[in-house]
Each structure stands twice: as C-alpha cells, then as structure tokens.
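Trainee: I have a protein on my screen and would like to learn how to read it. Could you guide me through it?

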Amino acid sequence: MDGTLEITEMGLLVLPVVFCVLGYFGDFMCEKPKWFGQSGQLQFGFYSGKCRDGNGFQRNVEDIVKQKVKEKFSSDTTIVAALLRMQFHDCFVNGCDASILLDVPNGEKTAPPNLSVRGYEFIEDIKTEIENTCPGVVSCADIIVMATRDAVVESDIKKMGTGWYPVQTGRRDGRVSSAQNVNLPSPSIPVPQAIAAFSSKKLSTIDMVYLLGGGHSVGVAHCGLFENRLYDFKNTGNPDPAMNTTLLKTLRTLCHRNSGSPNSANLDQDPLKSSSVDKSFYEQIRLGNGILEVDQQLAMDPNTRFPVARIAGSNDFSFQFGRAMIKLGAVDVKIGRDGEIRKKCAAVNSPNRSSGGKFFNLFG
C-alpha cells in the first residue's frame, strides 16, 4: 500500500460488545473484561488515575487521544488507513514499541516499506498535548494503539460507535530502531507464507484474516503494486484469472501498461464503504474484486476461504476485528525497564540512540 493506505473464537456473546460501545460515548473504563483476556502485563485502563494536570485535576488519557483523533478525522479521513498501517508496521518489527517513530540514522523510517508511512506528526501532536497535561506518564507506543482504535471508530459511516474495542495499555517505548530489522511480507506473498509470518508473532490464521481484511478495508494502492495482475501475471502474458473481468477493464483504463502511473485504486471496491473499517472488503474479494494479489488469494486459498466467507456473512466483524487488534497490540511489547516513556516520540530520552531493508509489504 502506498502513503494513503493506510495499506479466536467465533460465536461470542453480543452483550459485552454493546456494553463497550456505550462506553465510547461516556467515561466508561473497561475493567479488565475477561471476554477479551489480558496479554502479559498490559492492562485495560492502565492510565486510569495516573494522569493529573498542573492543577491536580485527574485527566482521562483515552479521552484526550479520542478528541485529538476526532478533530484530525474531521479534516483528513485518510488518517484511519494511515494509523492502521503505522500500527501494523510498528508491531511487526521489534514489537509494539513505537520504534518506527524514531528519527535516527538508518532507522525503521528509512526502510523501503516505511518510506510512505505517514501520520508521524499527528502522533507527535498527541504526545505533545499529553506531555503538557501530565508529563512522563504515557508512552508513544500506547498512543499509536489508542489513536488507531479511535480512528477505526471514526470511520464508522453510521456513527454508531460499533467499531469501538477496548485497548490494553502499559507499553514502554523502545530504544532501538534499525532499517535492517524491517522484514515484512510482500503484497504478492502466498497465503501459507503469510500465515507463517503471522504465526511467528503468535497470531493465528483467523487473526491474520481479520487484520489483513480490516486493515485493507480502507485506503488505496498505487498502480505499480498490482499492474502485473492486469497484463502479465506471473510472466504468463495474461491477466490474473482470479480478477473479476469488469474490475480488470476498469483498472486497465486507470493503469496503462508500463506507464508508471501515479493513479491508485481503493482496496475496498464498494464505493460506499471504501473509507469504513467493516466487512465490505470480504464481500468484494469473494466477487473477485481484490486489488492486491494476497487480498484476492484470501478468498481462494483453502486455509482462508471459509473464514472469509463466514466474515462476509457475519454480524460481528467489529467485535472480532477488535479482538485481533488487541492481540496485535500485545506482540513483543516492552514493559518496565525494557523500555522508557519518551519525552518526544521521535527521539529516545538518553544519548545512547541506536540505529540501523526489505520491501513494500502487505500492510502498505
């Protein structure tokens, strides 16, 4: 995905979802809901009671982040895809430790897959506001996770808050950022290899289907990322036979052969839902309307086609996507002395800064 992409169990009770959705509109704090489970030493509501402003008044950290995201979304709806992509890229390299935010020589930002990642300034803006309120309390790693959740909520076209999920917090920020550590799957990776990549992060096949589909339900991909599917798929001289012929004709008018076109296509081909994190993406790939090869293969591979079909016909996508995001947010986190609370997200606190690349990947 490009700079704008921003490329478990089933049958759980609905009642807890309603409870948490209501919480989004008030001051409800999730008190370690057992139906989501805990991850290591991360906690739901970790910052409750920990942030007091200069006048001694207690502030709700999650409310501060939510308001900043709401303001940003009102002027830039693509922030949803940008933050989803940022969290994926951060968590898959050294864990969810905000190492992607560090401005250091040969850091993660400089790796080819991250050159079009955006949203750095926005996370720093949130960090500045929180530091001005209660300095030295909230990590940049937690800000990424909270802001991503709130952006998903804002993307709900019905504005019912159904995309809300509780987030665990208590992460510390990492001190190391190296481009050499960035090794992310490509958008043409075979599904079995993608499953293996997610499994290495303790994420199941079902988690992968929700995370890829949810992450690719918003944003766009540039022509160069799928042009081979239109004209010379796997050096056959023919288009990808898995692509819907109507979509093929449309994309060929958008992306001419070897043109280097800067044009892009929505990853979710439903024009009414391409900016909302929902199940529409799964419905589209079942129709042959996947843009990236890995997306289309999710609907065809024997390991994933049945979960895709189930999600496309389900009513609990938001809940299950939230569960998968919670698991992603718990990947290789740093706590206690393993990390720090940065004063600024782009720099470590001490002078001992560490620095360091594979290529465009299925997260963006």
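Trainee: What should I know about the model itself?

Mentor: This is a predicted model: local features need pLDDT of at least 70, side-chain atom pairs count only at pLDDT 80 or more, and totals for chains, interfaces and linings use all residues. Residues are numbered from 1 along each chain as its sequence is written, and side-chain values use heavy atoms, leaving out hydrogens and water.

Trainee: Which residues of α13 are buried?

Mentor: Among them are Phe317, Phe319, Phe321, Met325 and Leu328.

Trainee: How many helices and strands does the protein have?

Mentor: There are 13 helices and 4 strands. Of the protein's 364 residues, 57% count as buried.

Trainee: Now Ala346: where does it lie?

Mentor: Ala346 sits in the segment after α13 (317-328). With a relative accessible area of 18%, Ala346 is buried.

Trainee: Which residues is Ala346 in contact with, leaving aside its neighbours within four places in sequence?

Mentor: Contact means heavy atoms within 4.5 Å. Ala346 touches Leu101, Leu102, Asp103 and Glu124 in this way, once those neighbours are set aside. Ala346 and Tyr120 are 226 residues apart in sequence, yet their C-alpha atoms are 8.4 Å apart in space.

Terms used. Helices (H or I, at least four residues) and strands (E, at least two) are DSSP runs, numbered from the N terminus. Buried means under 20% relative accessible area, exposed over 50%, partly exposed in between (1.4 Å probe, protein chains only).
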